[in-house]
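Reader: I've got a model open and I'd like to learn how to read it. Can you walk me through it, feature by feature?

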Amino acid sequence: MESASTGSGTTPWRSSGSATSCSFSKERPAHAPPRPYHQGNTSDQPDVEYVWRAHLAGCATAADLANGFTIEHINYADDCCTDNWSLRSLRVRDLDSGRIMLDHAASSGKDLHLFQKNADQFYTTIDLDSDGDGLSDRIELHGIRDQGVVDTWLPDHDSDPCRETIAVEIDWLHDIVSDVSDMPDRAAIDEAIAMFADAPRGPQDFCPYGHLPAAGVQLLVDLDEGIPVDQAERMRPLVHAPHQVLPYYRFADAHFSAVRRGLFRYNLWGYRADDTNKSGSCCTKWGFVVTLGTVQDPPVRVQSASFVHELGHALGLAHGGHDYVNYKPNYLSVMNYAYSSIGIPDYVAWDRRREQLGPAVGGDNRLEQTLGEVSTIDYSRSTLWPLRRWRLDEGRNGLGTGQHTMATWWDNQGVRHIGDASEPIDWHPEDDGVVKVDVNGEFQLCVEAADGSLESQRADDDSVQGGKIYAGLDGVCDSDPAPTDRAVVPQGFDYPDEHKYKIDDGVLVGSDDWSRIRIAPGSGDDLPAPGDVPEMTTDEIMAHRARFLDAVVAAGSPKPVTAPRWGYAYMDRATPAEAPLGAVTSLTTSGQWSTGRLDPATANRRATVVHTGTGTYDVRLPGVASPGGIAHVTPYRTAYRGRTCGVTGYAPDGPDQLVQVRCFNENGAPADWWFTVFFAEFGPGTTPYATIRYDDTAGGVHTVNPVLNTGTVNSGGGVNRVVRESAGRYQVTLDGRAFADGTGYVQVTPYGNGTPARCNPAATQPGDDRLEITVVCHAIRGGAPADSPWLLSYTQGAGLHRDVTTPAAYVTVTGDVDPARSHSSTDETPALTRLGTGNYRMTWENLGKVGDSVQVTSTGTGGGYCHLGNVNSYAAAPRVTVDVWCHTAAGTPGDSPFALAYLRIP
């Protein structure tokens with residue numbers, strides 16, 4: 001063996017290998033015996049190279065040398081007359097093979113080691129850790145050799161001694177009776193490995209082994225073995241066993257090698273961590289658990305995010321990075337619950353992809369898949385700007401990140417929002433400037449139901465969301481929990497005070513995770529014990545994932561226009577004699593109006609129709625062009641066997657909106673008929689308003705949850721859902737507290753070119769933070785339940801157009817007028833007169849004006865239908881009467897509940 005060293009100083013010194021009988025020779029006479037040390041003056045010249053040879057035969061092998069050796073410096077000079085000695089580089093070469101066995105060199109201007117007279121007298125390669133990751137170079141290069149065990153898994157998997165490495169062994173439970181396994185998906189582990197490889201750490205500027213290390217962190221995962229258990233053992237909590245040894249430790253004792261402890265982290269995947277079904281737990285002495293067993297086929301992203309979330313705790317990260325304040329908008333990390341099941345999406349990439357999703361999402365999981373494709377799991381990469389909940393500046397340029405990352409937060413009603421973290425954020429859509437917003441309100445949980453049904457009543461500014469009570473903007477839990485509910489924190493608990501973000505001077509502080517993580521395993525004594533860190537249950541994870549998706553959908557939904565845009569017309573040219581096929585025909589001016597008249601460019605335009613075939617029409621509403629919005633149609637002028645009309649499509653054409661309509665007779669055959677047509681875009685206002693264009697592109701046979709298209713809006717900031725329950729029956733949900741009392745008006749119109757059908761709202765059910773509406777559809781011919789697309793509008797406290805500047809009304813009739821679900825801009829309740837079987841007249845004394853219009857919908861469940869008979873505002877205005885006819889599913893006159901919306905010119 002030949003050794004060469006470079007250094008400076010003047011001292012004799014000695015090097016000893018792994019056996020004390022090893023001998024060295026340098027400038028020794030041939031007859032002189034070798035001696036077990038090298039002695040010589042190193043002089044005062046800097047960077048002088050010294051070479052010596054050692055004969056190791058019989059005392060140490062090349063493998064012994066590779067496992068490390070120690071250089072001991074012995075200085076015999078007096079303290080007054082000695083120099084320290086700097087070791088700058090050290091190379092060891094096998095003279096037999098020429099192989100370089102060790103090549104250490106300090107970076108420019110630095111030392112490998114400074115030998116001193118009375119201190120630092122040893123330099124060892126045995127436990128040298130070039131990258132400071134807690135795994136010595138010897139272990140990474142040659143494996144673990146301890147207690148007679150040789151474990152070469154690390155070098156076999158290319159562990160790099162010059163790149164920070166985290167080693168994790170994963171085992172999982174396998175129910176061998178039912179053949180059910182908790183093994184993580186390999187794709188999830190690969191996603192975690194890629195996350196660490198892309199970490200903003202390193203590379204080191206020097207490696208003593210002659211190669212240039214890569215940047216990032218090397219996450220090496222030994223996906224080791226399934227542990228055979230029976231069903232009862234698999235379902236037993238892994239880190240919760242009062243007065244017993246935790247099952248985690250029992251499994252670790254049997255399956256986690258003792259020589260790996262303190263070097264590898266041990267991760268066990270199982271069914272549940274404790275009796276709450278939470279998704280994981282950290283930290284045990286040797287690692288952590290991931291428990292997604294209660295989720296059937298958990299998505300790869302949920303698996304990868306749960307794994308790196310719990311690993312993050314083992315690396316010293318909390319839910320707020322450096323603190324436990326969760327849901328901070330300025331903390332973009334998978335440690336933040338807001339991102340712990342989805343990852344961190346790219347806002348611009350999502351926005352671009354959203355436009356390619358097609359007319360409906362949800363039924364085939366396109367939304368979730370697409371969001372996953374534009375998201376990545378990651379720890380936070382920088383400390384973003386601090387946020388003051390009571391002084392949020394909407395004019396500031398985002399959160400201080402140069403990335404188009406998707407930020408997310410709560411508003412004061414508990415609605416989750418998203419925005420581009422690199423752009424100015426509209427924290428509170430109803431206000432501008434400096435605003436007060438409960439942005440991390442989901443962290444401030446006060447009370448939750450023990451059995452799923454919340455009995456407690458909220459107090460003061462506390463809020464109720466999803467069966468839980470939160471502290472609200474002031475952060476104080478004011479509500480008194482009912483005996484059947486669970487107090488998460490004591491009544492009066494002050495979250496901002498406890499977690500140091502008080503209203504007056506406190507802030508929500510971000511965190512740079514990658515600069516904070518502790519790579520080296522250590523003893524784990526300073527990490528939280530199992531159960532100390534609250535984690536979401538698997539149910540909460542999946543629900544939170546769904547809520548994040550909802551927020552993304554809501555953000556991508558149409559926003560209200562700055563000025564009302566709506567119009568209607570009476571299509572009074574139904575027959576070929578009135579409207580020749582293919583010809584543009586003007587409609588009566590007395591039954592039409594649009595906001596286009598307020599624009600000088602379209603003020604003189606009037607509605608027209610093109611009769612395109614038997615029962616089919618293209619109606620042009622002037623000056624209200626919009627790529628979105630909603631349209632409705634109601635048959636008119638009918639006092640006998642009813643007609644049914646539906647919308648087949650609508651789209652802008654220049655400055656106008658084209659609405660395509662088809663009409664049928666009572667047998668479902670195309671029929672020329674008269675109708676009123678209405679169109680509105682989502683306009684400004686504060687009243688509850690929602691629309692849905694339900695079109696699954698397959699004839700109404702799929703659930704679409706949530707609905708995302710240009711014809712679907714929700715003024716409450718939530719989403720709208722359609723769940724197909726059975727043939728022709730749909731459960732609609734309008735999410736948002738704004739819809740909770742359910743006293744508004746619902747209009748439903750059949751849509752598309754499928755089987756002729758009638759559709760109507762059949763029931764409404766208010767909830768704490770939503771409104772559920774049942775929509776039913778029946779085939780025109782025969783009256784059997786039938787699937788069909790449809791259009792829906794909901795308005796409350798304003799007309800069907802949501803334009804409070806124009807008089808309007810709606811009324812709901814269930815035997816008599818229901819005043820709680822009726823509205824008039826003149827504050828009057830209309831009089832109801834039953835003129836005969838299925839024939840009704842509504843009368844308002846102070847509402848009418850010539851040039852008005854009406855939309856009508858049945859609200860029954862049996863397949864009956866209602867339509868417009870007559871509108872009379874010309875006889876004694878402002879008195880107006882509206883006649884309605886209703887029929888049974890068989891087409892004969894029949895009494896039925898119904899609702900109507902009255903519209904008029906300003």
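Author: Let's begin with a helix. Helix 12, residues 538–556, has 19 residues and reaches 27 Å from first C-alpha to last, close to the 27 Å expected at 1.5 Å a residue. Helices (H or I, at least four residues) and strands (E, at least two) are DSSP runs, numbered from the N terminus. The expected span is 1.5 Å times one less than the number of residues.

Before we go on: this is a predicted model, where local features need pLDDT of at least 70 and side-chain atom pairs count only at pLDDT 80 or more, while totals for chains, interfaces and linings use all residues. Residues are numbered from 1 along each chain as its sequence is written, and side-chain values use heavy atoms, with hydrogens and water left out.

Reader: Which residues of helix 12 are buried?

Author: Buried means under 20% relative accessible area, exposed over 50%, and partly exposed in between (1.4 Å probe, protein chains only). In helix 12 the buried residues include Ile541, Phe548, Leu549 and Val553. Across the chain, buried residues make up 56% of the 906 residues.

Reader: How do I read a sheet?

Author: Strands of a sheet pair through backbone hydrogen bonds, either parallel or antiparallel. Two strands count as paired if DSSP finds at least two bridges between them.

Reader: How many bridges join strand 37 and strand 44?

Author: Six, linking residues 689–694 to residues 790–795 in the antiparallel sense. For example, tyrosine 689 has threonine 795 of strand 44 as its bridge partner.

Reader: And the disulfides?

Author: A disulfide is a covalent bond between the sulfur atoms of two cysteines. The cut-off used is a pair of cysteine sulfur atoms within 2.5 Å. This structure holds six. One of them joins cysteine 645 to cysteine 663, S to S 2.1 Å. Cysteine 645 sits in strand 34 (residues 644–653) and cysteine 663 in strand 35 (residues 656–664), so the pair ties together parts 18 residues apart in sequence. Both cysteine 645 and cysteine 663 are buried.

Reader: What is the handedness of the link between cysteine 282 and cysteine 283?

Author: The torsion about their S-S bond is about 90°, so that disulfide is right-handed. The sulfur atoms of cysteine 282 and cysteine 283 are 1.9 Å apart. Cysteine 282 is buried at 2% relative accessible area, and cysteine 283 counts as buried at 6%.
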